[in-house]
Amino acid sequence: MRGLFALGILTLGLTEAAPLTLRFLDVGQGDAILITSPEGKSVLYDGGRSEPRMQTLLRQYGVQSLDLVAASHGDADHITGLIPAVTLYKPRFFLNNGIAAMTQTWQKLITATQKAGTQGLLARDQVINLGSVKLTVLAPPSGMPKNQQNLNSVGLLVQYGTFRALLTGDSEKEQTAAWLRKYPASTLGPVDVYKSIHHGAANGDTAAWLAAVKPKNVVVSVGPNNYGHPTASALNLYQRAGATVYRTDQQGTVTVTVQPGGKYAITTERQGTVRPAPAATPTPRPQPAPAPVTLPPSSAYYPNCAAARAAGAAPVRVGQPGYGRHLDRDGDGVGCE
């Protein structure tokens with residue numbers, strides 16, 4: 001990979017052999033991954049959509065400090081929980097894509113970082129040394145439209161010994177295709193643990209991307225939702241990749257414990273039953289062409305998120321045609337995130 005440099009923000013201090021832990025936190029419909037190095041250095045990559053929930057989880061897992069918080073992108077289901085994390089732990093750096101989200105949640109997070117003295121850190125092709133753990137930042141590739149947060153997600157490759165994990169926020173097909181052109185296959189995979197893109201959305205993972213990533217295990221961070229996450233198409237892709245699938249909605253927080261050298265174990269908070277992926281994609285039957293989606297003449301908003309997506313309008317922001325409060329569950333001004 002070109003342009004990498006060691007960002008010496010975190011010191012290397014080997015102590016007794018302790019494990020690396022990655023916790024894919026059960027935050028409902030959202031992403032939040034807590035990474036703790038053998039030396040006790042911690043990073044929170046995304047924070048879910050609930051401040052109280054994140055406060056509870058940080059106490060539950062005995063977090064004493066955070067060295068870095070990172071936002072894969074600016075959507076509320078990824079950054080809301082970063083607000084109490086920044087307020088409570090005052091991390092030194094806030095890694096982000098440099099694109100301000102036009103939401104109250106984003107403004108609240110930025111205000112919290114300013115009060116905490118946390119310094120913004122623009123994602124580039126860089127390496128962050130978290131003690132003995134290497135974090136390689138996958139910056140948003142050039143050419144992505146700056147008004148699309150998902151397409152500018154910040155990825156993170158976690159390496160400890162032979163262990164590798166890959167986190168890629170809500171990246172969509174255009175972004176992963178650009179990453180495939182940018183990085184050699186050996187940079188992306190194989191990985192031992194992989195966070196499902198965009199909660200298992202249909203516009204996230206692809207067969208080409210997973211062929212490069214080669215995930216052994218996939219964690220889907222998901223909760224009750226009306227988007228259909230995780231979709232059958234995504235689950236089918238994971239099955240075809242030969243990966244074992246874990247889901248936070250069924251099994252709670254998923255914890256990966258990595259010993260020095262790279263041997264790892266995966267445990268779950270609950271012994272939930274993971275719904276198996278479909279055995280195969282059924283042969284599509286001819287369907288009538290869908291009717292074009294238009295706004296109902298009696299209203300000025302899309303009736304639901306399915307209609308907004310079908311019209312290519314999601315996410316739809318307050319002030320934009322088709323926005324309605326019923327589309328904006330968290331009230332941050334962005335519907336159908």
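1. Ground rules. The model is predicted, so local features need pLDDT of at least 70 and side-chain atom pairs count only at pLDDT 80 or more, while totals for chains, interfaces and linings use all residues. Residues are numbered from 1 along each chain as its sequence is written, and side-chain values use heavy atoms, with hydrogens and water left out.

2. The chain overall. You'll find 10 helices and 18 strands here; these are DSSP runs numbered from the N terminus, helices (H or I) having at least four residues and strands (E) at least two. Of the 337 residues, 55% are buried (under 20% relative accessible area, with a 1.4 Å probe and protein chains only).

3. Contacts. Take the contacts (heavy atoms within 4.5 Å) between residues at least 6 apart in sequence: 65% of them join residues at least 24 apart.

4. Strand E4, residues 42-45. Ser 42 and Leu 44 point one way, Val 43 and Tyr 45 the other, and all are buried.

5. E4 and E3. Strand E3 (residues 33-36) pairs with E4 in the antiparallel sense over 4 bridges; pairing takes at least two bridges found by DSSP. Thr 36 has Ser 42 as its bridge partner. The two strands form a hairpin with 5 residues between them, and Gly 40 in the turn has a positive phi of about 85 degrees.

6. E4 and E5. With strand E5 (residues 68-70), E4 pairs in the parallel sense over 3 bridges, and Leu 44 stands opposite Val 69.

Key
Buried < 20%, exposed > 50% of the residue type's maximum accessible area, 1.4 Å probe, protein only.
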